[in-house]
Amino acid sequence: MKRTSQDNKMKKSDTTQDMVEDIKNVETTEELKENLPTENTKNNNNNEGEEHKSDENVKEEEKHKREESVKEEVKEESAEELFPSEDEDIKDEFSDEETPFEQSAKKTNLKEAKIKAEAAEEMQTNIAAEQRHTLPSGQEIIHAQEIGDVATIGTRIREIVAVLCDFKARHEEGRSRQEYIALLIQDMQTYYSCNEFLAKLVVDLFGPKGAVDFMEANEAPRPVTIRVNTLKSRRRELAQKLINRGVNVDMIEWSKSGLVVYDSQVPIGATPEYLAGQYILQSSSSWVSVIALAPQPNEKILDMCAAPGGKTTHIAALMKDTGILVANDISKDRLKAVIGNVHRLGITNTIITNYDGHEFPKVMGQFDRVLVDAPCTGLGIISRDAAVKLSKSEQDIKDCTRIQKELILHAIDSVNPKSKTGGYVVYSTCSITVEENEAVIDYALKKRNVKVVPIALQDGVGEDGYVNHRQYRFHPSVKMAKRFFPHIQNMDGFFVCKLKVNVTH
Ligand SMILES: C[S@@+](CC[C@H](N)C(=O)[O-])C[C@H]1O[C@@H](n2cnc3c(N)ncnc32)[C@H](O)[C@@H]1O
């Protein structure tokens, strides 16, 4: 949906600019007139040849006659008609020495200039009034929402955001910020087909502008990205093979094995290279969890919530298919996809298990590294699952948070703090809420002997974790967590944090 009010405003200011130019032109004409030579001097300065003299005389006579007749007409107007009282300022402009004809002409020009100046002033006032966005009445709101006037609501959303971004200058007198926010939340529900819970959540998290940008970004799919299976191919080679098949791909700078697909003449999930396990279709944000985990060859690693196995296969590739990788999930059904992916990508170091994460470390002892890609509300991947816009509630966040806090503690307890190569837990979710992310890390920091450590990502990739948010105050190290957003990085909403498990004496 395209903005219209901005366009209108642009046009209006253009018109005002034209008007100011017109006024300048009128003034210039007046100045020019003052400086123009009189008819007499013009004649005196006439350099044209003698043959034109008789013509000039005829013209002069005709002109004289015309002036005389105008003088007669002007004489018939009363002084009051010429200088009505409200035009005192115009009257002042006249000199007694000017002829009624000159006065009449000058009066007309000055009047025009005054009218234009007043119009321009009025236009500026209107624009200023428009910038001060007036809230619609309750009936207008209900009417627009009842008839599903999406365009009106979309325009209003943008106007409200503009007011909230410059509240002092733009708000309607007597209206509070809360009133604008309430209307924004109401309009967002209609415009983006989301529930009140989600509209409030994103306004709280990102502020009015960020919230609208976030919701808008969710209306479009994220770019298709693929990860090269480095056990079977190299990025450059695969890119060339795909290009030859009519796939328009490009390297992703911050990842060694990522490609972005701009468009394709063939189904990207059915090429011979795909079937041969040379790549996997995977959201680029998912790579960050595994980059953070930094698996090493010959380690013993647990992927606690593994299905459908995208990150499992990435971990296996970085382990160079050595050591032991346990890919676990509570859902037997979802584990079928892990089995399929592990086979297709030619991975042999992986054991697939079906435990509740709460069973670790009891069932398998300790690991060098553990990834907890936790079950979550999925509020970061709305563009992939629009149902999330209406289905989620405060209760879902509470339920997820409870499990997430339990699983992160089990993951920490499953790490060998004395590991020579590792001793790390990586926690990630595809949710944007603070409760499911920073709050879980802060909880783990309080409950276990762990510290947050930086993630080895290129500078500037991702946003810092939130430390002060609304009522929350987290440990300053939580800043080292990374966040990704659809409206900022054009990636799925994602959170990743790396913890080092300390030896407790
Ligand atoms: C976000 S998904 C994991 C995605 C996966 N890591 C990937 O990259 O393909 C979360 C997974 O956690 C699993 N899960 C939920 N509760 C669990 C629990 N208590 N223990 C183990 N797995 C659990 C779900 O079945 C789901 O497959």
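Before we start, one definition: when I say that two elements are in contact, I mean that they have heavy atoms within 4.5 Å. Keep that in mind, and also that what you see here is a predicted model.

Let's begin with helix α14. It lies across strands β1 and β3, running at about 35° to β1.

So what are those strands part of? They belong to an open sheet of 4 strands, in the order β2-β3-β1-β4, with antiparallel pairing. On average, and ignoring direction, neighbouring strands here are turned by 35° against each other.

Now look at β1, residues 224-228. It is joined to β3, residues 258-264, by 4 bridges, and to β4 by 3 bridges. How much of β1 is covered? Mostly covered is the answer, with 4 of its 5 residues buried.

Back to α14, residues 284-293, which also packs with another helix, α15, residues 310-318. Two packed helices are described by the angle between their axes and the distance between the axes. For this pair, the angle is about 35° and the axes are 10 Å apart. The crossing is right-handed. From α14, the residues that meet α15 are Ser 286, Trp 287, Ser 289, Val 290 and Leu 293. On the α15 side they meet Lys 311, His 314, Ile 315 and Leu 318. The residues of this contact divide into 5 nonpolar, 3 polar and 1 charged.

Last topic: cysteines. A disulfide is a covalent bond between the sulfur atoms of two cysteines. How many disulfides does this model have? The count comes to 0. Take Cys 165: its nearest cysteine sulfur, that of Cys 194, is 18 Å away. Cys 165 is exposed, with a relative accessible area of 52%. Cys 305 counts as buried, at 16% relative accessibility.

Note on methods: Residues numbered from 1 in each chain as written. Predicted model: local features only at pLDDT ≥ 70, side-chain atom pairs only at ≥ 80, totals over all residues. Heavy atoms only, no water. Axes fitted to C-alpha atoms, helices over the stretch in contact; angles between N-to-C directions. Helix = DSSP H or I, 4+ residues; strand = E, 2+ residues; numbered from the N terminus. Left-handed = near helix turned anticlockwise from the far one by under 90°. Nonpolar A, V, L, I, M, F, W, Y, C, P; charged D, E, K, R; others polar. Disulfide = S-S within 2.5 Å. Buried < 20%, exposed > 50% of the residue type's maximum accessible area, 1.4 Å probe, protein only. Pairing = 2+ DSSP bridges.
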